[in-house]
Structures are given as C-alpha cells and as structure tokens.
Amino acid sequence: MRVRVQLIARCVLGFVFVYAAWTKLAQPWERFALAVDSYRLLPEWGVIAVARTLPWLELLLGLLLVAGWQLHYVAPLVTALLAGFWVAMLRAYLQGLGIDCGCFGVGQAVGPATLLRDALLVVLAGFVTVEAFRVRRASSASAA
Amino acid sequence: MRTAFWLCVLLGLLALAVLPAVAQQGKRFGALDAPVTVEVFSDMQCPACAAYHLETLRPLMKDYVATGKVFLTFRLTVNHRHSYRAARYMNAAALAGLFEKASEVLFEKQKQWSETGDVEAALASALTEAEMARIREHLDAQEIEQAIEADRALARTFQVRSTPTTFIRYRGETTPVVGVVSYAILRRYLDRLLEGSP
C-alpha cells in the first residue's frame, strides 16, 4: 500500500516539475528572469543563473522522479528545492510585494492559495523522501 | 541670408529624417512606431513605484524610449491616502507637457509629501514658478477627472492587483511584469524582443 502511495506521490510531483519546466522553457529565459528578479532576492548574476538553469533542473528532477531512479538522492533535493521556493514566496507575501510567483509561467499571484499549494507539494516531497529512505534501509537489511 | 535660411531648412529636414519621431503627449513617450510598447501602472504614493520609476524607468526612458525602440505609457492608479491628489497634479502636469519632470520630482520627494499630502509644495520646491502656473492652469480641467477614471478603468480591465505593474507588448504578445524589476534584467528582455524586430 505505502509503495503504491509513494509511486502516485512521486509521479504527481514529477509531472508538476516537468510541467513547471515546460512552461518556462517554452518562453525566452529573459522572461522568466523578470519573474525571478521581482522577488528582489538575488543580484543580477544570480537572477540570470537561476533563470537559465532552474527550468532544466526542474525537467531533470521531474523525469528522475517519474522514473524512480536514485530516489534517495532525488527526493531530498526536490524537497529542499520546494521548501526554498516556499520560503521565497512567503517572504514576498509578507513583504507585500504583490508579485507573480513565476511557478508555471505568468499570471499567478503569490498569495494564500499559491502558498498552500506549495506547502502541500513540500509535504508530498517530504513523504516521498521518507519512503525512499525506508525502502533503501529495508532493501539493505534484506541484502545483509 | 537666404542661403543660410535654406541651409537651416535643409538641416531641419535631415534631422527629422534621421531622428525617430519622438512623441511626448501627456503620459505617453516615444516613437509611435516603436517596435515595443511598455505600459506602466503606478501609484504616485507607492514606495515600490518610486524605486521602480527612479531606478528602472528613468534609464529606460534614456536608452530605449528616446532612441525610438520603446513607446512608453504611464497609467496612474489611486490606492493610497494622497494618491488621488497626486494623480490630479500629475494629470495636470501631463496636460501642461510636464509629466516627466513632475513625476521625477514627486517620486524623489515621495516621503516628504506622503506625510503631509502637500503635493503642491513638493512640486513647487523643484519646478519653476512658470511651470507651476502651467500645472495649476490645468488642475481644474474636466479632462483631469476623465483621465483618472480612464486609468482606473484600464487597471480594472487588465486586472492590475498591485503596483507597479508593467505590460510589455511586442507583436501582439503581452508580458505582464508585476512588481519591481531591475533595469539590468528588464533591458535583457527588451533586447531579446528587439533582436527579432525588423
């Protein structure tokens, strides 16, 4: 049962990551850079680095999640990434920046709905991580 | 004498042919045939709008609007305590052909007039008496209220939920940018768009 729930959870997360990557890669990276810059968190070089690499990283992690390969490395990375997004969004919301989250292209304001959605994704990623380590421990124990 | 006159006419025509047709009408700036259109919704009393205007839009005016690459339109929303009064003065300044100068003054002195609401004193501290007279002349014009209402209606139409909000239009595609973005990043996006323009 837990294995099946984990399979569904990582597939959901994987498709979310692939979709997020696709919405960003379908437009010039400079457009996504505007959304990153509006968070007022990074210097120019940081904004450029994130705008150019994050969509590819999201695509890679999404595909790895769906494939279920090296989950004990991929899942913690996904959890950390989502938690980082959530903190950045919360900061923007508390500062009243009124910006778009930039998560899936343009038009989604940072607000309670987007914060709740991302919090659920963090929880889901946390569950996949815990399960990945549990399965790994179990397989190590049975091998011994 | 006659030769000098015709030489001046010739030079004038040459300048018109070489320089882009820069239009500065009210709250609109730049060449009407510029490939990129930028529309900015600001509130004169919003601190983020002041930062955006002074740090991003000022260099944009110099590098992209004055060179005919961008046609820039300002829209004023009224969300703060003294925003309406400031919008009245700014629309009067627009009618007087002084929008750019007045906006610089009000954004630079925003902290000062935001406390007191004395927009006129802030403007008068930086503009000449003649310029102030031109602004006052238009303050009670019927167009002022119409302009404020038109900007409000547009903000509703475009679902502007916070300021500053910028709409960048190029070949029928619109990119909304909500919040403050740095000039360095904005210009990269504009350059990318302009790469594809004829």
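Predicted model: local features only at pLDDT ≥ 70, side-chain atom pairs only at ≥ 80, totals over all residues.
Biologist: How many C-beta neighbours does Gln159(B) have inside 10 Å, and does Gln159(B) count as buried or exposed?

Modeller: Gln159(B) counts as exposed because it has 10 C-beta neighbours inside 10 Å. Its place is in the loop between α8 and β5 of chain B, and its phi is positive, at about 55 degrees, although Gln159(B) is not a glycine.

Biologist: What else is found in the loop between α8 and β5 of chain B?

Modeller: Pro164(B) is found there, between α8 (142-157) and β5, and the peptide bond that leads from Thr163(B) to Pro164(B) is cis, with omega near 0 degrees.

Biologist: Which strand does β5(B) pair with, and is the sense parallel or antiparallel?

Modeller: The general idea about strands is that, in a regular one, the side chains alternate between the two faces of the sheet. In this structure, strand β5 (residues 165-170) of chain B pairs with β6(B) in the antiparallel sense, over six bridges; to take one residue, Thr166(B) has Val177(B) in β6(B) as its bridge partner. The two strands form a hairpin with two residues between them.

Biologist: Which residues of helix α4 of chain B are buried?

Modeller: A helix is read with its turn in mind: an α-helix has 3.6 residues a turn, so residues three or four places apart point the same way. In α4(B), which runs over residues 99-108, the buried residues are Phe99(B), Ala102(B), Ser103(B), Val105(B), Leu106(B) and Phe107(B). The elements that cover them include α2 (47-65), β4 (70-76), α3 (83-95), α5 (110-116), α6 (119-124) and α7 (129-139) of chain B.

Biologist: How many helices and strands does chain B have, and how many does chain A have?

Modeller: Chain B comes to nine helices and six strands, whereas chain A comes to five helices and zero strands, with the pattern α-α-α-α-α along its sequence. Buried residues make up 40% of the 198 residues in chain B and 35% of the 144 residues in chain A. Among contacts with a separation of 6 or more, residues 24 or more positions apart account for 73% in chain B and for 68% in chain A.

Biologist: What are the spans of chain A along its principal axes?

Modeller: The C-alpha trace of chain A spans about 50 × 30 × 25 Å along those axes. Within that chain, Arg136(A) and Ile48(A) are 88 residues apart in sequence and 37 Å apart in space, C-alpha to C-alpha. Arg136(A) lies in helix α5 (residues 112-143) of chain A, and this residue counts as exposed because 12 other C-beta atoms lie within 10 Å.

Biologist: Where in chain A is the confidence lowest, and where is it highest?

Modeller: Confidence is lowest in α5(A), at a mean of 91, and highest in helix α3 (residues 44-67) of chain A, at 97. For chain A the mean pLDDT is 93, and 99% of its residues reach 70 or more.

Biologist: How many residues does each chain give to the contact between them?

Modeller: The size of an interface is often given as the accessible area lost when the parts come together, but here we can read it by residues. The contact takes 16 residues from chain B and 17 residues from chain A. On the side of chain B, the elements that give two or more residues are β6 (173-178) and α9 (183-195), and the largest share, six residues, comes from α9(B). That side of chain B divides into nine nonpolar, four polar and three charged residues.

Terms used
Residues numbered from 1 in each chain as written. Chains lettered and ligands numbered in written order. Buried ≥ 20, exposed ≤ 12 C-beta atoms within 10 Å, placed from the backbone. Helix = DSSP H or I, 4+ residues; strand = E, 2+ residues; numbered from the N terminus. Contact = placed C-beta atoms within 7 Å. Nonpolar A, V, L, I, M, F, W, Y, C, P; charged D, E, K, R; others polar. Pairing = 2+ DSSP bridges. pLDDT = per-residue confidence, 0-100.
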